[in-house]
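Here are some notes to read alongside the model, written for someone meeting it for the first time. Take the points in order, and keep the viewer open as you go.

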Amino acid sequence: MSALTDIYVDNVVGHLHENSRDDIAAEIRATINDMVEDRLGEIDHPAHDQTEKVEREVLEELGDPILLSREYTNSPQHLIGPDSYPLYIWSLRWVLPAVAILSVLTNIIVHFATTPEVHLGSLLGQTIGSTVTALLIAFAVITILIGLGDRSLDGGTTQQLPGPRSKAWSVDDLHRKDVRGSQIRAEAVLNLIFLVLLALIPLIPTSLVYVGHLNNGETFINPGLGSGWLLGYWAFLALMAVIEVIKLVRSSTSAALIITGVVLDVAMAVFLTIALLTQQVLHPDLTSASGAEVQQIITVIAIWAIVIWDQISTWRAHRANR
Amino acid sequence: MNEDAEQALATHEQELRRGTVVFASLVACRQPQYGYSLLTTLTEAGIATEANTLYPLLRRLEKQGLLSAEWNTEQARPRKYYTVTTSGAEVAAALHSQWLELNTSITKLWKEGTP
């Protein structure tokens, strides 16, 4: 079994449901072997070049792995096609929880800062209402953007079904359609964007989210916070960015890189926990004296919830892609 | 035949073949068959089939309960063998009846329409 067949099979099963991948991969491999063996006929010791040529012919006869994958799923036309589906699910897993947490935190901060006497019912009502709206908008935006992207990536190939199969596909295209590599690169780019946004948080003025009147448009972060804490925060983000750049350049990941990422995530969470529990990190004008401590504790809980969820998500993705 | 007509013919032929391949696969799988042996059997019987159509089709027929599948690991190379189930055999028999009726109908129509 050559690397070419392995890549082909990976490209087919990469679009299929996780539960059926192993079985279908084994069957396609057995088929390719049978077809190659049959075509090589009675030759006792076929030359490497001969085997390679026949293997290419067989793969080209099986055709574009994306189309073969579609035959297996027998799926109707989708808004989000198999090319973009892993990215779509990945984006939802990342963006929706992040939007929910940001919305909850923002609402709590604004409510504490603007309400002289805090009522739990009012706080819950405002927070849940705003968060549901934010989640629906985020869901719609992600779906529309990736749906549009999917159509431009697809190049209209879905229109070829159920008509005659396109004969334009060649084995040479296989190298350009490394599904796993594309997925890793897309995730790395999104992670880098996310890290840049995180790095900008200490610099973002409150006026940008319509609460500038609370502290005269200063930042969300306490101006009195020591510069060492900020430099430490950016240093952690820079190290995380280095890992993402390595993934982007290599188009692959490894257990060592993942373990390094986990260690960095946990170290960053510990760093932020110490910062939040030992001093006033949020701008004093954004917090009422009675609610400041509660806000800091909620933020710490949110940080650890994100870190734990991130690790589970990362290991699940790593296991699924092995 | 112009290019558009050829394109339409290719589309309709493929639709026709798809239906035929389901029926032919159920008939051929009365004896256990692995994917490539079935492909060869169908081709030798004059039913042109593409591997990339046949394998997903076998899986769908298995899901529908018309074929049962079992990996045979006793041979040098593990292979998945498909065999028609009881309900698959009933469906095959019904399709066979339909096939004969359609053949009669089409033959009659063809004769009536031929000047």
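1. Please find B:Lys80 and B:Glu62, whose side chains meet in a salt bridge with N and O 3.5 Å apart. B:Lys80 belongs to strand E3 of chain B and B:Glu62 to helix H3 of chain B, so the pair ties together parts that are 18 residues apart in sequence. Do keep in mind throughout that this is a predicted model.

2. **How open are these two residues?** Is B:Lys80 buried or exposed? Its relative accessibility is 6%, so B:Lys80 counts as buried, the cut-off being under 20%. B:Glu62, on the other hand, has a relative accessibility of 27% and counts as partly exposed.

3. **The pair has partners.** Which residues are linked with B:Glu62 and B:Lys80 in a network of salt bridges? They are A:Asp23 and B:Arg59, and the network therefore has members from chain A as well as chain B. Over all chains, the structure holds 10 salt bridges.

4. **Where the two chains meet.** The contact draws on 22 residues of chain B and 24 residues of chain A. About 2100 Å² is buried between chain B and chain A, and carbon and sulfur atoms give 47% of that area. On the side of chain B, the residues that lose the most area to chain A are B:Tyr36, B:Asn52 and B:Arg77, which together make up 30% of what that side buries.

5. How many salt bridges does the rule find across the interface of chain B and chain A? There are 5. In one salt bridge, the side chains of B:Arg77 and A:Asp34 meet at 2.8 Å, N to O. The interface of chain B and chain A also has 12 residue pairs in polar contact, counting those with both residues at pLDDT 80 or more.

6. **Which parts of chain B do the touching?** Helix H1 (3–28), helix H3 (51–63) and strand E3 (79–84) of chain B each supply at least two residues of the side that touches chain A. H3(B) gives the most to that side, with 7 residues. Sorted by class, the side of chain B that touches chain A has 9 nonpolar, 5 polar and 8 charged residues.

7. **Chain B as a whole.** Chain B has 4 helices and 3 strands, and its elements run α-β-α-α-β-β-α from the N terminus on. The radius of gyration of chain B is 17 Å, well over the 13 Å that the globule rule gives for 115 residues, so chain B is more spread out than a compact globule. Along the principal axes, the C-alpha atoms of chain B fill a box of roughly 60 × 35 × 25 Å.

8. **Burial and contacts within chain B.** Of its 115 residues, 34% count as buried. Among the contacts in chain B with a separation of 6 or more, 42% come from residues 24 or more positions apart.

9. **A salt bridge between helices of chain A.** Now turn to A:Glu61 and A:Arg39, which form a salt bridge with their closest N and O atoms 2.5 Å apart. This pair links distant parts of the chain: A:Glu61 is in helix H3 (residues 48–62) of chain A and A:Arg39 in helix H2 (residues 18–40) of chain A, 22 residues apart. A:Glu61 is partly exposed at 39% relative accessible area, and A:Arg39 also counts as partly exposed, at 35%.

10. **A salt bridge within one helix.** The side chains of A:Lys53 and A:Glu57 meet in a salt bridge of 3.2 Å, N to O. Both residues lie in helix H3 of chain A, 4 residues apart, about one turn of the helix. A:Lys53 is exposed, with a relative accessible area of 54%, while A:Glu57 counts as partly exposed at 35%.

11. **One last stop, in a loop.** Where is A:Ser251 found? Look in the loop between helix H8 (227–250) and helix H9 (255–278) of chain A. A:Ser251 counts as buried, at 17% relative accessibility. Leaving aside residues up to four places away in sequence, A:Ser251 touches A:Gly181, A:Ile184 and A:Arg185.

Methods. Residues numbered from 1 in each chain as written. Chains lettered and ligands numbered in written order. Predicted model: local features only at pLDDT ≥ 70, side-chain atom pairs only at ≥ 80, totals over all residues. Heavy atoms only, no water. Contact = heavy atoms within 4.5 Å. Buried area = accessible area lost by both parts, 1.4 Å probe. Salt bridge = Lys/Arg side-chain N within 4 Å of Asp/Glu carboxyl O. Polar contact = N/O pair within 3.5 Å; in protein donor to acceptor, adjacent residues only side chain to side chain. Nonpolar A, V, L, I, M, F, W, Y, C, P; charged D, E, K, R; others polar. Rg over C-alpha atoms; globule rule 2.2 N^0.38 Å. Buried < 20%, exposed > 50% of the residue type's maximum accessible area, 1.4 Å probe, protein only.
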